[in-house]
Amino acid sequence: MPEPQKPEAEGDKAAAAPADTTENVPGEDPQLSEVSGIFVEKPQSVTATKGKDITFVAKVDSSNLLRKPTMKWLKGKWLDLGSKAGKHVQFKEVYDRNTKIYTYEMSIIKVVDGDAGGYRCEVTSKDKCDICTFEVSVQAVQEEQQDNILESFKRSGDAGEDAGDLDFSALLKKRQKKRKEVVVEEVDVWDILKEAKTCDYEKIAFEYGITDLRGMLSRLKKMKKKVEPKKSDAFLKKLDTAYSVEKGKRIHLTVELTDPNAPVKWLKNGQEIKPSAKYVFESVGNKRTLTINKCNLSDDAAYECVVGEEKSFTEVFVKEPPITITKLLDDVHTIEGEKVEFEVEVSEEGANVKWMKDGVELNRETAGSKYRFKKDGKKHTLVINEATKEDIGMYYVFTNGGESKAELEVEEKELQVLQNIADLTVKAAEQAVFKCEVSDEKVTGKWFMDGVEVQPTDRIKMTHIGRTHKLTIDEVKPSDAGDYTFVPDGYALTLSAKLNFLEIKIDYVPRQDPPKIHMNTSSSGDKNTIMVVAGNKLRFDVEITGEPLPTVCWMKGEELVSEGEGRVRVETEKTLSSFVIEGAEKEDEGCYSITVTNPAGEDKVELFVKIVDVPNPPENVTCTSVGEDFGMITWDPPAFDGGVPIKGYLMEKKKVASTRWTRINFDVYESTTYEAKKMIEGVLYEMRVFAVNGIGISQPSANSKPFMPIAPTSEPTRLMVDDVTDTTCALKWRPPERIGAGGIDGYIIEYCIEGSDQWVQANEEPVGKNQYRVKGLPVGEKMLFRVVAVNVAGRSPPATLSQSVTIREIMEQPKIRLPRHLRTKLIKLVGDKVNIVIPFQGKPRPVVTWFRDGILLEDKTVGTRTSDVDSILFIRSAERNHSGKYTLSVQVENMSDSGDIDIQVVEKPGPPIDVHVTDVWGFNAALEWKPPKDDGNCEIIGYSVQKADMKTKDWFTVLEHNRRPSCTVSDLVMGNEYTFRVFSENICGLSDISGISKNTATIAKTGLDYNRPPFKDKDVSHSPKFTAPLVNRIVVAGYSAAISCAVRGFPKPKIIWLKNNMIIGEDPKFLMQNYQGVLTLNIRRPGLFDGGKYSCRAVNDLGEDEVECKLEVRVAQEKGTETKN
C-alpha cells in the first residue's frame, strides 16, 4: 500500500517521541543515556525492510571491569526482549580472551511492522553501567528500480534483442504509482485519527504506514488535551489508555458512571467477560471495577466497558518476569565413551534456555547426533552421548534472568589386556596364528614385523572379531621369522611375540635318540604353570624330538585326554603336540602330564593349568556410620577372587531418587572400609562396590541399604535442677544449639550415684519436652544427672550437671505472693466473671484453705482450684452477695501464711426519691430530694439535674455531678413553666430511672402591666427545608464515622435515611439521631461495601426535602501501596 510522504514523516517523529518527555526512553538523544564509557561499539538506528533479517551488534570492553558484564536488550520503556527470545528474536554472546571484549548480537528474523520503535541496550557490571538507544523503522518491500531507463524498454517475443515490439508497460506502472502518491500526500492522517474511534486506530495506522502504535497514541493524547474533549453522557471517568501489570499480579480497571443504576458489560477482545474467580466485578455507588486476578500472558489484550451505546477502551500489557535458574549446573568428571548429562532447573515451566560450549552456541540444528536436548517441566538437560577428549571444556546455560556454568573433564579410558600374544615355533609350510584379546571391542590396531607394518596378502590375513585380534600366516617361510608386535590405536601399549622358524634336516645316517620334550612356559611366570582366562581358548604347543618318532600321551591326573575330538583334546602333527581347551572353564583347572616314549627311552613333564577370571562382586555392602556430609562404608571381599589376587575396589554412589550412579574413586582402593565424602545432609544415598583384579572389573555388588548423612545434634544446653523431693528430682534444659537436618526425636535422661560410672536410663522412650522428673531415687544419696538428645543419627554428646544433687526434700516455709492489683479492693460489676490466681510457695505441698469474712468458704457459686504452686478463685457470674473479704490460708506443718482479698460487686444506683421544688424567685428555682434507697452497693458520687419546658417537653441538662441532695436552677425564662428530674450517679454511671419533681416552677411576669391585645395564632407551618447539607466524606475502613445535616420545618418532619436509594431500616450498624433539628447518622466500623451515596429525606404534611452525599471507604495500606474501592 502506498505511504504518505509528509504525514508519514510527522507520524514517525511523533511515534519515536516518548509519552513522557521527562523520562529517558528510546527515541531521545542517545548521548543523554550514557552513564559511563563501557561500550566500544554501539548499535545504530536503521531502516529495515519488511520480511528481511536485521542484526544489531554491541561490543563491551571488560578489561577494567571486576565482573562479567550483564547485557539487557529492551524495547520501549520496559519490555525486556530476553523474555521474547525464540525464532523471531535471537541473541548471541562471544568473548575474545585476547582483547577481553564481549560481543553481543541481537537478530530480528523476518522483520514485521510491529518491530518498529525505540530500542535500548543496557550493560551493567557491579557499580558501572552504560546505556545506548537506537531506533528501528520498517518500510514495505519495494520493487527493484531500474537505474537505466533504457532497461524499461522491452521487446515482446523470444527471438532476440531485435525481435518483437517495444513494451513501455514498466514506465507506465511507475508513473501510475507516482500519481497515487501525490494524491495521498494531501491526506492528513492525524485529522482522520482525531475523528476516528479508538477501536479503528490499528486499522488506520496500518493503512497509512504508522508502525509505532504507542508513539501514535502518545501524540494523539497530547493533541486531544489541547481540544476540549467531548463530554460523555454515560461516563464521568473513563478507563485510561493503557495499563501495565506484572505476571501473576492483580489489576483493577475502574470507571465512574453518571447513572449509578446503569447496567455495565465488560469485554475482552470483543468477547463478553463472565464473573469468575479470575474476573471479579465490583459496584460501589457510581463506580464499576473489573479486577483481574493472577494475570498471565493470555490477559494481555484489549478491554472495553460498555454502558448502553457508549464504550470505554483500554489495553492491558502483562510484563513477564525474567526466568531465573533455581538449580545450577554441576561439574562432571567422566571417562571416554561414557554418557554425560548436564541438568539445570529454571523458575518457570516451558521456558527457553540456551546452551553454549566455550562461547559457541549448541542447538538442535548444529549439534547433530553428538548432543541431545531434553526438557521436562522446569528441568532442562544437555546429553552428550559418548564423551571424548574434544568435549572437554566449559559449558554454559543462559536464560533471560540468569546463567550457570560447569566444567567437563574427560579421562582417557585405560585399555586392559585380557590375553597376550605368545611366541610361536613353526615349520615350513605350516600355519602361524598370533592372537590377543583387549578389554574394548571398539579398539582397532596395527600389526608390525620387526618394526615394519604388516600388510595383508593372500597368505597373510588380519582379523578383528569383538575383543580378539588375530594375525594368520599361511605356509610359513623362513623370511616370516622375526618379532611381531600388535599396537592398539590411540593407546601407548604394545603386545609382542616372536615367530621361530623350525628347519627340518634329514640325516640319512640311521640313529636312535631318546625322546625329549621342549616346552616354553616363560610367559606364564611359573615355569610349569599355564594361566588362561575363563571362556578363552587355550592352545599349548609342545615340540617333541626323538628318533624314531616318539609316541605322545596327555593325562589329567589318571584320566587320559582324548586325541582329535572334544572340547579338551590333543592334536599331534609329527614333532608337535598341541594341547587344546575350547572355552576354558573352572573345571579344566588341574595338573596335566605329557609323556613321550620311543625305543631309545622316555620323557615326562608335568604342568598345572590355572583358569583365571574376573572376581565375583563384593558382598555385604553396608553403611556403618554417618556424619554431617559423609558415610562410612564397609564390605566383604568377593567369595571368589577369579584366581588372581584382588588389586582393589571401585565405589559408586547415587541418590535414592535418582538413577544416575557417580564414580567416587578412579584409582583402585585396597581396603574394605571407605569414608564416602561430599554428600548432602538429609538426602538418602545408596552405594555399590566393584572388585578389580589383574583380569578385569567384577559386576557391581548389590546396592547397600539406603542411608542418610546426618550428624547427631550438639549437647542440650542450660541443664539445671528445677525441684527435689525425697524420691524424685525435676530437671529442665534448653534445646541444642545445632540441630541439623535430622531434627530431634526426643531426649534420654540418665543418672548415677556420685563416684560410680554405672549410668541408668530414667525413661524408656525419648521424651519430647524440655523437662522431666526422675522418680524412684534413693533418699539421701548424691546423684549425678545427664541429658542426651536423640535423632536418626544417634545420640548427641551428653549435657551433665556440674555438681551432684542430694535427694532430700527441703522444708520451705509457706508464703503467699499476692499480686499487686489484688492488694487493693477488687471492684466488679454485677454479671462479670471473677477469676483470681494467687501464687504461693512451700514444701512439702501446703494445705490450702479459703475463708469468706472469717468463715470457711462453702458457697457453691464460688469455685476454687489448687495446684502445687497456685490457687484459683473463680465466680462465673458475680452477684452483689458475693462481695466481702476472702482469705487464702496455706499451711505446712506448724507454719502458715495468709492473704486477704476484698471483693466488691456493684451496679447502677436507684433513682432519687421525693424530688420537689421548694422555692421560686426571679428567674431561679430551688430543688430538694432524698438519696436513693439502692446505692448500687457503692457510694453515690453525685446527681445530674435536667429541666423541661412544659410546652416543648424537651429535656436539657442544667447540672452534672452535683454532690448535695439540693440545688438551685438559674436562668429560667420568664413566663414559662418548668418541671425537673434528677438522676443519681455512682462509679457504674447514672441510674437508669430518674426521680421527677412532684410540682412545677412557674416564672411569673412581675413589674409589667400590659393589656394584651387579642391573641391571634400565627401560622408557623412550613415544609421541611435543610439549612445545612450533607458533605462528601472519605473514611478509613474499620473506624466509626458519622455524617450530619440540619433541617427546619413545622409540623416536626419525619426523617428517613437512605443508602443508594434504599431505606436504612433498623440495622444495628447504623445509629440515627435527631437533636434539635440536627440530624446525625453514625456508621459503626464501616467496611468496603458501606461506601456509596447516602441521602436524608425530611417529610411532613406540607412537603418534603432531601440532601445527599458520597461516602468513600478506603482500606489502610502499608507504606507505598494504596487501594481504592
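Let me start with a definition: a residue is buried under 20% relative accessible area, exposed over 50%, and partly exposed in between, with a 1.4 Å probe and protein chains only. By that rule Phe579, at 0% relative accessibility, counts as buried.

A quick word on the model, everyone. It is a predicted model, where local features need pLDDT of at least 70 and side-chain atom pairs count only at pLDDT 80 or more, while totals for chains, interfaces and linings use all residues. Residues are numbered from 1 along each chain as its sequence is written, and side-chain values use heavy atoms, leaving out hydrogens and water.

Now, the rings. Rings of Phe, Tyr and Trp (its six-membered ring) pair if their centres lie within 6.5 Å; planes under 30 degrees apart are stacked, over 60 edge-to-face, and the rest tilted. With that rule the structure holds 17 aromatic pairs. One of them is Phe342 with Tyr395: the centres are 5.0 Å apart and the planes at 25°, so this pair is stacked. Phe342 belongs to strand S23 (residues 340-346) and Tyr395 to strand S28 (residues 393-399), so the contact ties together parts that are 53 residues apart in sequence. Strands here are DSSP runs of E, at least two residues, numbered from the N terminus. Both Phe342 and Tyr395 are buried.

Back to Phe579, then. Its ring and that of Tyr592 have centres 4.9 Å apart and planes at 55°, so the pair is tilted. Phe579 lies in strand S45 (residues 576-581) and Tyr592 in strand S46 (residues 590-598), so parts 13 residues apart in sequence are tied together. Tyr592 is at 3% relative accessibility and counts as buried. Elsewhere, ring pairs link Phe56, Trp73, Tyr119 and Phe134 into a cluster.

Strand S46 also takes us to a sheet. Two strands pair if DSSP finds at least two bridges between them. An open sheet of 5 strands runs in the order S40-S47-S46-S42-S43, with mixed pairing. Which strands are at the edge? They are S40 (529-533) and S43 (559-560), each pairing on one side only. S46 and strand S47 (residues 601-612) run antiparallel and are joined by 9 bridges, and Val596 stands opposite Asp603 in S47.

On to charges. A salt bridge here is a side-chain nitrogen of Lys or Arg within 4 Å of a carboxyl oxygen of Asp or Glu. How many does a search of the whole structure find? It finds 45 salt bridges. In one of them, Lys68 meets Glu93, with the closest N and O atoms 3.1 Å apart. Lys68 is in the loop between strand S3 (54-61) and strand S4 (70-75), and Glu93 in strand S6 (residues 89-96), so parts 25 residues apart in sequence are tied together. Lys68 is partly exposed at 29% relative accessibility, whereas Glu93 is buried, at 15%.

There is a network too: salt bridges link Lys537, Arg539, Asp541, Arg569, Glu571 and Glu582. Within it, Glu571 and Arg569 have their closest N and O atoms 3.1 Å apart.

Last, the cysteines. A disulfide is a pair of cysteine sulfur atoms within 2.5 Å, and the structure holds 0 of them. Cys988 is in no disulfide, and the nearest cysteine sulfur, in Cys938, is 5.1 Å away. For Cys1045, the closest cysteine sulfur is in Cys1096, and 3.9 Å is too far for a bond.

Technical notes: Helix = DSSP H or I, 4+ residues; strand = E, 2+ residues; numbered from the N terminus.
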